[in-house]
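Please read these notes with the structure open beside them. They go point by point.

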Amino acid sequence: MNTTATTTEAGEPTAADIAAPTALDMLDAVTPDQVSDAIKAAGGAVTAIEQDGVVRLHSASHGIGFQVLWGNAVTTTQYTDFTLSCPLRVQGGTLPEAVLAAWHRSKRFARVAQHGDFVVLEMDVVVAGGVSPAYLAFAVRLWMQMMGEFFLHLRNYGPAAETRGDAANAEGAAVQGVSAAA
């Protein structure tokens with residue numbers, strides 16, 4: 001493998017060499033500290049709580065809390081993937097299936113699942129195979145954007161149905177009863 005950098009006539013590295021991460025810059029697994037740094041880089045505050053020897057990360061976006069759920073462990077502190085998860089409690093029943101179906105038809109990065117009186121927005125982040133620290137920060141920014149879009153989706157579901165006059169009218173009131181899970 002040739003590791004010689006390309007240079008300009010003046011002997012300086014080219015823009016491609018500066019922008020291209022080297023194998024040393026790539027992350028094959030992440031630690032809680034690295035994910036915490038990515039959340040901070042995306043503009044969020046992070047609280048790390050150690051529970052049963054595992055560091056749990058908690059943060060918030062748009063005023064609603066979310067957590068990091070670790071995936072496949074490489075060591076006791078390194079993981080090849082993780083899930084960003086935002087559980088929300090549905091007050092007074094469950095969300096209409098049409099709300100979740102409409103979300104899944106229009107979005108591809110974050111999924112929603114209903115578990116009893118909870119609805120959970122989740123997004124997986126895979127670092128296996130190697131990603132840059134910039135990708136990690138981008139993934140967290142994308143997650144925060146998906147959270148905002150989901151809250152807007154919930155808020156607009158009922159009123160949008162009323163203006164359309166479709167069958168979702170009666171279901172719109174149930175969407176208004178969603179709150180952050182404690």
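**Notes on the predicted model**

1. Thr83 lies in strand 4 (strands are DSSP E runs of at least two residues, helices H or I runs of at least four, numbered from the N terminus). Thr83 is buried, at 14% relative accessible area (buried is under 20%, exposed over 50%, partly exposed in between, with a 1.4 Å probe and protein chains only).

2. On the sources: this is a predicted model, where local features need pLDDT of at least 70, side-chain atom pairs count only at pLDDT 80 or more, and totals for chains, interfaces and linings use all residues. Residues are numbered from 1 along each chain as its sequence is written, and side-chain values use heavy atoms, leaving out hydrogens and water.

3. Which residues does Thr83 contact, leaving aside neighbours within four places in sequence? They are Gln67, Val68, Leu69, Arg111, Glu122, Met123 and Asp124 (contact means heavy atoms within 4.5 Å).

4. The largest nonpolar core has 42 residues (a set of buried Ala, Val, Leu, Ile, Met, Phe, Trp, Tyr and Cys residues joined through side-chain atoms within 4.5 Å). Helix 2, strand 3, strand 4, helix 3, strand 6 and helix 4 each supply at least two of its residues. Helix 4 gives the largest share, 12 residues.

5. Leu121 is among the residues with the most contacts inside that core. Beyond four places in sequence, its contacts include Trp103, Trp143 and Phe150.

6. His58 sits in strand 2, residues 54–61. Is His58 buried or partly exposed? His58 is partly exposed, because its relative accessibility is 30%. Its C-alpha atom is 6.4 Å from that of Ala48, 10 residues apart along the chain.
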